[in-house]
Amino acid sequence: MAGLKLHHLMSLLLILFAFSSAEELLPLGKHSENGQQMEYISYIPSTTEFYNDFVKPELPLLMKNVLTDINFPMLNIWTDEYLGEKYGNLKVRVEQSKKENRSLKPKHDNLKTFLDAYATNDIYMVQSVLNEMKDEVTVPLLLNCGGFQKVLQDSVLWLSSGNTRSVLHFDDMDNINCVLDGQKVVLLFNKAQKQLIEANGFMQEGSFSKVDVDAVNLKRFPKLQQVNWSTAVLDKGDCLYIPHGWYHQFRSSNARNLGINYWFSHLWWLNKSNCDSIEIKSGSLTLEQLAVQSNNEQVRKIKAELNLSSES
């Protein structure tokens with residue numbers, strides 16, 4: 001009898017332990033109470049304001065409902081039907097799990113093949129804007145001048161049926177991410193918290209944490225309980241600036257999700273002399289007009305200025 005009671009007691013303890021462990025395994029952003037909603041503005045700032053208030057001090061910026069009243073045709077015309085009919089024969093890069101797994105190799109399919117399958121399969125598209133699309137892809141107005149137009153590195157399209165989750169990571173380049181359909185929730189962690197975020201299970205090659213963003217194990221990643229973050233909610237027509245080095249994690253809502261982001265090298269000084277022209281102020285340029293630049297552009301500029309100084 002005593003043995004039976006002991007057996008029941010042990011079973012009860014195991015059940016309680018299982019429940020207590022399950023309570024700890026919450027999604028990133030719900031694993032502690034250190035988060036807050038990010039403040040936002042409802043307009044696209046001038047290039048000078050953008051640089052002085054956000055790029056130079058390396059602070060993120062959430063811009064709500066800023067694409068609906070400007071020349072941004074992708075926002076309304078890029079339906080699946082339109083993309084399939086116009087670009088369906090183009091090859092695109094397809095990730096094999098909507099929960100980012102960097103050990104899985106992507107596949108390459110025709111866009112039409114992807115569009116026919118992505119609504120029901122565990123896949124999503126991540127593709128640099130192809131040359132054939134560049135005349136339709138508008139660049140946010142604040143990147144048209146000041147030197148930003150000389151450090152644009154890449155522009156990437158993201159398309160899924162929703163419920164995608166990225167790893168917690170940082171990037172070496174600055175980034176403006178815009179939502180063209182659906183909703184994304186982004187957690188932003190100041191890079192000043194580097195020691196806390198990278199204390200456990202951080203992969204230096206690739207700059208990402210191995211934490212399970214759906215179930216944070218605080219016993220394995222105890223320092224994450226101490227970090228603070230801001231939550232940015234991006235709806236259709238919203239854009240978010242993420243400075244280089246800031247840690248972040250994306251999660252999309254459970255519906256069609258189309259986004260585009262613009263990667264650019266960090267601009268260390270602003271040349272606003274060409275931001276007053278009528279052409280710059282009149283409207284956004286397309287990627288076809290504003291060519292992606294080499295990441296050596298700033299090095300060349302520094303060398304040129306040094307040569308001029310030595311000659312004077």
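## Sheet, aromatic pairs and a buried histidine

Gln 127 stands opposite Leu 157 in strand 7. This is a predicted model, where local features need pLDDT of at least 70, side-chain atom pairs count only at pLDDT 80 or more, and totals for chains, interfaces and linings use all residues. Residues are numbered from 1 along each chain as its sequence is written, and side-chain values use heavy atoms, without hydrogens and water.

**The sheet.** Strands (E, at least two residues) and helices (H or I, at least four) are DSSP runs, numbered from the N terminus. Two strands pair if DSSP finds at least two bridges between them. Strand 6 (residues 124-128) pairs with strand 7 in the antiparallel sense over four bridges. Strand 7 also pairs with strand 15, antiparallel, over eight bridges. There, Leu 157 stands opposite Ile 260. Seven of the nine residues of strand 7 (residues 152-160) are buried, so this strand is largely enclosed by the rest of the structure. Buried means under 20% relative accessible area, exposed over 50%, and partly exposed in between (1.4 Å probe, protein chains only).

An open sheet of nine strands runs in the order 2-3-13-8-15-7-6-4-5, with mixed pairing. Strand 2 (40-41) and strand 5 (107-110) stand at the edges with a single partner strand each, so one side of each lacks a neighbour in the sheet.

**Aromatic pairs.** The structure holds 11 aromatic pairs. Rings of Phe, Tyr and Trp (its six-membered ring) pair if their centres lie within 6.5 Å; planes under 30 degrees apart count as stacked, over 60 as edge-to-face, and the rest as tilted. Two of the pairs are tabulated here.

| Pair | Type | Centre to centre | Angle between planes |
|---|---|---|---|
| Phe 50 and Tyr 241 | edge-to-face | 5.1 Å | 75° |
| Phe 170 and Tyr 247 | edge-to-face | 5.4 Å | 80° |

Phe 50 lies in helix 2 and Tyr 241 in strand 13, so their pair ties together parts 191 residues apart in sequence. Phe 50 is buried, at 0% relative accessibility. Tyr 241 is buried too, with a relative accessible area of 0%. Phe 50, Tyr 51, Phe 148, Tyr 241 and Phe 264 form one aromatic cluster.

**His 248.** This residue is found in strand 14 (residues 247-252). His 248 counts as buried, at 2% relative accessibility. Its side chain makes a polar contact with the side chain of Asp 171 (3.1 Å). A polar contact is a pair of N or O atoms within 3.5 Å; within protein, one must be able to donate a hydrogen and the other to accept it, and residues adjacent in sequence count only if both atoms are side-chain atoms.
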